[in-house]
Amino acid sequence: MKKQKSDSKVQKILKAVKLYRTECRTSILGILLEATKPLNQEQIAKRLGKKRFNKVTIYRTLDSFCEAGLVHKAFMQKRALYFESAKDCTESQCHPHFTCTNCGVTYCLTGMKLPMAKSPHKGFIIRRQQVRLEGLCPACA
Ligand SMILES: [Zn+2]
Ligand SMILES: [Zn+2]
Ligand SMILES: [Zn+2]
């Protein structure tokens, strides 16, 4: 029951950005909307479980979501790119990501707004801001 409800929500979102509803898109967007933290491609593939799509299909699906602005590339960690739903971001700014230098865990600091950077250099137009922060998480502090 719950699954059907989230599926129709996903389909509405896809329709709004004019992306065809493929099984791969519906499944991956559902996973990212339910995820509590950013996921890399391998973690997404794992969550797809029995619904196996090849790497290229998953990659292209994520790419089409990024292009449509539904999903953001949150950060890179150990050479893997982490994706998350853009629902906790504004058009000009992503919420900051905090990485603990002790345990290596990265946290989403949703709800934290930073002033938009202004370039002291002429001719640079800043359209979007993504900030990475480092320090100690509550468990390690
Ligand atoms: Zn974002
Ligand atoms: Zn920590
Ligand atoms: Zn995040």
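Me: How many of the 12 residues of α2 are buried?
Reply: In this predicted model, 10 of the 12 residues of α2 are buried, so the helix is largely enclosed by the rest of the structure.

Me: Which ones are buried in α2?
Reply: The buried residues of α2 are Cys24, Arg25, Thr26, Ser27, Ile28, Leu29, Gly30, Ile31, Leu32 and Leu33.

Me: And what span should helix α2 have at 1.5 Å a residue?
Reply: Helix α2 covers residues 23–34 and should span 16 Å, which agrees with the 17 Å between its end C-alpha atoms.

Me: At what angle do α2 and α4 pack?
Reply: The angle between α2 and helix α4 (residues 55–68) is about 65 degrees, and their axes are 10 Å apart, which makes α2 roughly perpendicular to α4. The crossing of the two helices, α2 and α4, is right-handed.

Me: Which residues make that contact?
Reply: From α2 the contact involves Cys24, Arg25, Ile28, Leu29 and Leu32, while α4 contributes Thr57, Ile58, Thr61, Leu62, Ser64 and Phe65.

Me: Are Glu84 and His95 buried or exposed?
Reply: Glu84 counts as buried at 8% relative accessibility, and His95 is buried too, with a relative accessible area of 4%.

Methods: Residues numbered from 1 in each chain as written. Chains lettered and ligands numbered in written order. Predicted model: local features only at pLDDT ≥ 70, side-chain atom pairs only at ≥ 80, totals over all residues. Heavy atoms only, no water. Buried < 20%, exposed > 50% of the residue type's maximum accessible area, 1.4 Å probe, protein only. Helix = DSSP H or I, 4+ residues; strand = E, 2+ residues; numbered from the N terminus. Expected span 1.5 Å × (residues − 1). Axes fitted to C-alpha atoms, helices over the stretch in contact; angles between N-to-C directions. Parallel < 35°, antiparallel > 145°, perpendicular 65-115°, else oblique. Left-handed = near helix turned anticlockwise from the far one by under 90°. Contact = heavy atoms within 4.5 Å.
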